[in-house]
Amino acid sequence: MKAFLLHNMRQFGTLIGLLVLCIVLWILTPHFLTVANLLNITQQTSINAVIAVGMTFVIITAGIDLSVGSIMAFAGVVLASAIEAGVPVPIALLIGLGVGMACGLINGVLISWGKLPPFISTLGMMSVARGAALLYTQGRPISGFSGDFRFLASGEILGIPNPVIIMIAVYLIAHFVLTRTKLGRYTYAIGGNEEASILSGINVRYYKTIVYGLCGMLSGLAAIILTARLNSAQPIAGIMYELDAIAATVIGGTSLMGGEGRIGGTLIGALIMGVLRNGLNLLGVSSFIQQTVIGSVIIIAVLIDMALKKQKS
Amino acid sequence: MPEDIVLSMKNISKRFPGVIALDDVDFELRGAEVHILLGENGAGKSTLVKILSGAYQKSAGDIYLSGRRTEIRSPRHAQELGISIIYQEFNLIPQLTVAENIYLGRETVSVAGIINRSQMRTDAANLMHQLGVEIDPDSAVTDLGVAEQQMVEVAKALSMDARILIMDEPTSALTEKEIGELFRMIRRLKEQSVSIIYISHRMEELFEIGDRVTVLRDGCLIGTRNITDVTTSDLIRMMVNREVTERYPRQRMQPGREMLRVENLSTAALLQNINLSLFAGEILGVAGLLGSGRTELARAIFGVDAITSGKIFVKGRAQTITSAGQAIALRIGYLTEDRKQQGLILNLSVKDNICLPSIGRLSYMGVVRQRAEEQAASKWVGELRIKTPGIAQKVMNLSGGNQQKVIIAKWLCSHADILIFDEPTRGIDVGSKVEIYELMNRLSDSGAAIIMISSDLPEILGMSDRIIVLHNGQISAEFDASEASQEKILHSALGAA
C-alpha cells in the first residue's frame, strides 16, 4: 500500500488539488455540487480528455502534437459529409477515426523517417489539416444529422451521458495499454532514452509512428463526440484544443522531457481544467479573467511539480 | 630558477571524491618549447591542463608564471594570464565568421556600441598572416575544414596574447598534409616565443615536433626527458604500469565451437578489413586507443552502424544484421561504453530495464505477462546479486556497479550467448569490478563467447584469452594472452612498428 502511494504520489497530489478546488467552489456556489452540474462538467470535459489521452502517449515519448485540434476539425467534416451522403453510421464513424489516424500516421512518418522535430512536423500538420477542413467544406459547417448519430452524444446509459462513458472507456483502455502492453512499455522506454531503446532492439521509428497515429485516431474520436453533440461539423472547430490537451497532460504530471507520466493524472488534469471553467462561469467571472486564471493554474501546477521532483532527487 | 622558465607547477595534487587524479606532480615549461605530455587514458594529463587553464582548481601545490606565484581562478583568468587551451572539440560558433569567432566577446566597438567590423577583419587577417595561413576572415566557420578551424582556434588564442598554448590531441582529426601544416605553424609560434604544451599519443609526431616530454601514470609524475634522449620503447615503458596483480580471477576455458566470425568488415567511417573469430567459452580482448575503432567494431557487429563490405557469420551462418533487433534475435548482446546515455533507461525500473529486449518473449498478443516478467527480473537480480530494494526500483537510484549488472542481466534475460562488453568496468568500484570479472568467468564457463573492449591494459591482459589491437580502424596485432604484454599492446595500439 505504501509503495502504491509512493508510486502514485504525484497523481494523489493532483487529485487533492482537484478535490480542494471542488470544495472551494462548493462553498462559493451551491449550484456547483449538483448531479446535473457534475455530469455537465464531465460531459464538457470529455472531448479535451479524449484528445489528452493521445497527447499523453505522445508526450511520454518526449514528443508533442500541435495538430490535434485541426485533425479533429478535418475528421469531423469528413465524417459529417459521409453521413450526409447516406453512408451508414458505423462506417462513417470508422471513416472519422481513419481520417484522424491517417493524419497522425503522416506526422509519425515525418518525425520518424523524415527526422523532423515533432514540433515542426505537427505545426505543419496543424495548418495543413485546418486548410483541408476549410477546403473540403468551402468554409461552411455541415449540420443536421439523424437521431442514430446524435444518440452517440445525447443518449445515456444508467443516467450517465454517452460521451462520459466513451471517455471512461478510452481511459481504461489507455491505462491498460500504457501499463500492461508492449506498446506501453516501449512508449516509456523511447521517451526515457531513445538511444538506449534502439540499442535494446526496439524498432523506435515504427513505435513512434504508431503513437502519433493513435493520437490522431483519438482526435478523430473527439470529432465524433463533438459533431454528434453539436449536431454540426465546423471546419473551424477545435482551435487551441492542442493547448488544452497539453495543459491537461502536464497538470496531470506527465513530463515534457518524456519517459514519465500516467494516464490517470491526465484525466485529473482535464477535470481540473473543466471544473475551473465551470466554476468560474457559475461565479460569473468574465471570460477574460477566466483565461488568465487557467493560464496561471497551468504554470503553478508545473512549478509545484518541478519543486517536488527536485526535493525527491 | 633559470631565466627561460615561463611556467612551473610544483607539488600539484587534485583530489575528486574517492579519486586522486593528480598526486604531487611537478611540471615546468620553458620559453619557446614544445613540451609533450604523455600518458595512458586516465593518467592525469587532462586534469593537469585543466588546472592550468582554470577549468579545475588544484587541491594542493603552487603555480609560478615567469617566477611569480599565481592562482589561476577561472578559464577567463587563465586567458588574461596568457594561457590558452585548444580542446579536441573546438569552441567555435559555426554560423559566425572567422573574424567574429576570433573576437567573440571582445568585439572592437565604437563609442556608440557599434561593432567595428572592418577593424576586426583587418586584425584577423593580420593574425592569419602571422600564422602563415590563408583563411578569409569573412568566411563562415561552418564552411571551413577541421584543420582550418583549428587554425582559427590558434588565431583566437594569439589574439589574446597567449604565451602558453595547450593543444589536446591536435592531430587526431587531421590528414598527413594538414599535420605538416600544423607543425609548420607550431614552429612559427615557437619563433614568436610561444610555449606549447602538446598532448598526443602518436609516437612518430612526438619525435618530430617535441623538445621535451613529461610522462604521467596513474596521476603521478614518472619523469621529464629531452626528446633526443629517449626512444619509443623508453616512453612506453614509462607509460605502462608494470605490476599486474592478481585482481583478475580469469579461469581459462577450452574454447568450443565458433560463435562469431567477421570477414573483411569495413565501414564508411573508420573500420577497414576487420577479420576475427570468436569461440564459445572464450574472452576476446579488444585493445586500442580512443578513436581506434573499438566501439565502431561493436556497433557494426550489433547492426547499429552500417557496414560497407564484409561478412558476419553467427554460429556458422552468414547473417546480414541491419538492426539491433536482428542482432538480439541472433542472441547477441551489447553492453555499451556509456551506460547512462546508451545502456539504461534511468527513470524506468530495474524490472523494465532487464526485460526491455525480451518483452516480445514475455508477452502474449502484445500484452505483457506480468508474472513472467517479474519472475525473469527477480531471477536475474538474484543470480547477479544486484543490490536493489526491489525490482520496481528506478535504476537511476542504483550504484554504478549495480547499474552495470542490470545491463548484463538485460542481455542474459534476452538469452544472449555472444556478448560484447565495451568498457565493462569503467567508473565502477574495485569490489564490483571483481564481481563483474567473476560473472564473465561464469558466462564463458557456460559456453557464452565474450568480446571485451577495454582501455584498461591490465584488465585486457588479466581477463582475455586472446587479444586483438586496433589502430586507425584496422587490426594492428593479435596476441595469445600468454604472449602479450602491456608494452607489446601499446606498441601496436600506437601504430609503432
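In this briefing, helices (H or I, at least four residues) and strands (E, at least two) are DSSP runs, numbered from the N terminus. Welcome to a predicted model, with a chain A of 313 residues and a chain B of 497 residues.

**Chain A as a whole**

- Chain A is built with 14 helices and 4 strands.
- Its C-alpha trace extends about 60 × 55 × 35 Å along the principal axes.
- Buried residues account for 49% of the 313 in chain A.
- Of the contacts in chain A with a separation of 6 or more, 79% come from residues 24 or more positions apart.

**Chain B as a whole**

- Chain B has 17 helices and 22 strands.
- For its 497 residues the globule rule gives 23 Å, and the radius of gyration of chain B is close to that at 26 Å, so chain B is as compact as a globular protein of that length.
- Along the principal axes, the C-alpha trace of chain B covers about 75 × 55 × 45 Å.
- In chain B, 46% of the 497 residues are buried.
- Contacts between residues at least 24 apart make up 67% of those in chain B that join residues at least 6 apart in sequence.

**A helix pair in chain A**

- Two packed helices are described by the angle between their axes and the distance between the axes.
- For helix H4 (residues 68-84) and helix H5 (residues 89-112) of chain A, the angle is about 155° and the axes are 9 Å apart.
- An angle over 145 degrees counts as roughly antiparallel, and H4(A) is therefore roughly antiparallel to H5(A).
- H4(A) and H5(A) cross in a right-handed sense.
- On the H4(A) side, the contact is made by Ile71(A), Phe74(A), Ala75(A), Val78(A), Leu79(A), Ala82(A) and Ile83(A).
- Facing them in H5(A) are Val89(A), Ala92(A), Ile95(A), Gly96(A), Val99(A), Gly100(A), Cys103(A) and Gly104(A).
- By type, the residues of this contact between H4(A) and H5(A) are 12 nonpolar, 3 polar and no charged.

**Where the chains meet**

- The contact between the chains involves 18 residues of chain A and 22 residues of chain B.
- On the chain B side, the elements giving two or more residues are helix H10 (324-329), helix H11 (339-343) and strand E18 (367-368).
- The chain B residues that touch chain A comprise 13 nonpolar, 8 polar and 1 charged.

**Two buried loop residues in chain B**

- Gly39(B) sits in the loop between strand E3 (34-38) and helix H1 (45-52) of chain B.
- Because 20 or more other C-beta atoms within 10 Å make a residue buried, Gly39(B), with 23, is buried.
- Leu216(B) is 177 residues away from Gly39(B) in sequence, yet their C-alpha atoms are 5.1 Å apart in space.
- Apart from residues up to four places away in sequence, Gly39(B) touches Gly44(B), Lys45(B), Val215(B), Leu216(B), Arg217(B) and Met239(B).
- Leu362(B) belongs to the loop between helix H12 (350-355) and strand E17 (363-364) of chain B.
- Leu362(B) counts as buried because it has 21 C-beta neighbours inside 10 Å.
- Setting aside neighbours within four places in sequence, the contacts of Leu362(B) are Cys355(B), Val368(B), Arg369(B), Ala372(B), Glu373(B) and Ala376(B).
- Ala140(B), 222 residues from Leu362(B) along the chain, has its C-alpha atom 53 Å from that of Leu362(B).

**Two loop residues with positive phi in chain B**

- Glu169(B) is not a glycine, but its phi is positive at about 45°.
- Glu169(B) is found in the loop between strand E7 (164-168) and helix H6 (176-191) of chain B.
- With 19 other C-beta atoms within 10 Å, Glu169(B) is partly exposed.
- Ser193(B), also a residue other than glycine, has a positive phi near 50°.
- Ser193(B) is exposed, as it has 12 other C-beta atoms within 10 Å.

Notes: Residues numbered from 1 in each chain as written. Chains lettered and ligands numbered in written order. Predicted model: local features only at pLDDT ≥ 70, side-chain atom pairs only at ≥ 80, totals over all residues. Contact = placed C-beta atoms within 7 Å. Axes fitted to C-alpha atoms, helices over the stretch in contact; angles between N-to-C directions. Parallel < 35°, antiparallel > 145°, perpendicular 65-115°, else oblique. Left-handed = near helix turned anticlockwise from the far one by under 90°. Nonpolar A, V, L, I, M, F, W, Y, C, P; charged D, E, K, R; others polar. Rg over C-alpha atoms; globule rule 2.2 N^0.38 Å.
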